[in-house]
Amino acid sequence: MERPDVEPRHLRSAIEYAVLMAQEGQKFKPPLAYPAPLKRYFSTDRIPSSVLASLARAIEGDEAFRKKIARGAVPELVDELGRAWLKRPSGWVDDVTRLAAEADAAAEEATAAKALKRAEKRRAAAEQVAARSRAELVALEGSVAERDEVIEGLRSDVVKLRDEIDEIRAELIDTRNEARHARDREAAAVAKLADAEAARSAAVEAKGSAEIVRDEVLADRAALAAERSELARLAAHAESLAAQLAALAAPPTAGKPTAVARKPLPMPGGVMGDSEAAAEYLLRSGASVLIDGYNVAKLAWPKLDLEGQRVVLLDAVENLARRYGSDITVVFDGADVVGAVADQRRVARVVYSPAEVIADDVIRDEVGRLPPTRQVVVVTNDQEIIRDVRANGANTMSSDQLLALIR
């Protein structure tokens, strides 16, 4: 059977119509027989481009089904190319080939117009950036001059502090010398007191002039007390000077290096942060991409159960990782959920939160675990997660932006 040489994307209208008819045909009595591969895409908002070729082959392989639905293919439901492919009148192969070529030409013309418009926007954005850069350069020159003045003042303060440190060190040396001399005088006084005590004992034994000996002993004791008081004063002064010296010699805390903080990736000029173009840029940036699994899956496929949502999402994420070369990790809630087993995939990484831990906290921990030099993109619509990971320097992408690329 002769077949036209067209890409599957040109047949999207006819394939989507065939899936719709197969789904609605189940309400007939008896139900409409249809190719089995179409069932998976019942109730799907948009059939992925990657499966169009296989679905087209399935429809072509079921001649009876194709002929039945071809009778109902009207312009309101199927475009001209799709109707020719389904109904297959005489010369339909040439018609399909011609219509596909016309569609490609129209698409190229539209793409060229869009590219021109984007180029004009980029040029305007570049001019704005240049103007801002010139203004920032002027401001920076003024700031540099002010900082030079501050640095010069700080250098003068350092010189003064060094002079003060030298003076305190000299005073500390003098105080330590005085303390050492005081200790020497104390030792001499103690020895003298011992001699006096011995003399007193001898005087008492000899029954000599007891009063004279007593006065001498009392005088020696008073001198010793004075020496000890002076020694205590000098020791306290030395400790005070040592504390001042340590405070002055300590390095200033203002110049201590701070921890390096992660900085988010800047968007290219003319690209809006919530656009599909921004999502593509972030996926191609080489950053680590963390996806809040159920936040995306429940938004996209609410009619499927959790297992079905995981399967469809991971298939789509696998395709994205291969298309953009992204480092993607999908995080789901609950490792104890039935069917929650990390797939052995070759590209995307799958993580399930431990028991009693929610996926939100796993995502926060993953962002904190990565080094600050590693750019991070978190995909979610959860505002609490968005707030926390942005505070940690991560970029964010909404679940809707990711689904726009999947569909």
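Mentor: Let us begin with angles, which run from 0 to 180 degrees between N-to-C directions, with axes fitted as lines to C-alpha atoms. In this predicted model, helix α9 (residues 306-324) lies across β1, β2 and β3, and runs at about 170 degrees to β2.

Trainee: At what angle does helix α8 run to β1?

Mentor: Helix α8 (residues 293-300) runs at about 55 degrees to β1, and lies across β1, β2 (327-332) and β4.

Trainee: In what order do the strands of the open sheet stand?

Mentor: Two strands pair if at least two bridges are found between them. Here the five strands have the order β3-β2-β1-β4-β5, with parallel pairing. Because β3 and β5 (395-397) each have a single partner strand, they stand at the edges, and one side of each is left without a neighbour in the sheet. On average, neighbouring strands of this sheet are turned by 25 degrees against each other, direction ignored.

Trainee: How many bridges join β1 to β4?

Mentor: Four bridges join β1 (residues 288-292) to β4 (residues 376-379), and these strands run parallel; Val-289, for instance, has Val-377 in β4 as its bridge partner.

Trainee: Is Ser-353 buried or exposed?

Mentor: A residue is called buried under 20% relative accessible area. Ser-353 has 0% relative accessibility, so Ser-353 counts as buried. Ser-353 is placed in the loop between β3 (349-352) and α10 (359-369), and its side chain reaches the backbone oxygen of Val-357 at 2.7 Å.

Methods. Residues are numbered from 1 along each chain as its sequence is written. This is a predicted model: local features need pLDDT of at least 70, side-chain atom pairs count only at pLDDT 80 or more; totals for chains, interfaces and linings use all residues. Side-chain values use heavy atoms; hydrogens and water are left out. Helices (H or I, at least four residues) and strands (E, at least two) are DSSP runs, numbered from the N terminus. Buried means under 20% relative accessible area, exposed over 50%, partly exposed in between (1.4 Å probe, protein chains only). A polar contact is a pair of N or O atoms within 3.5 Å; within protein, one must be able to donate a hydrogen and the other to accept it, and residues adjacent in sequence count only if both atoms are side-chain atoms. Contact means heavy atoms within 4.5 Å.
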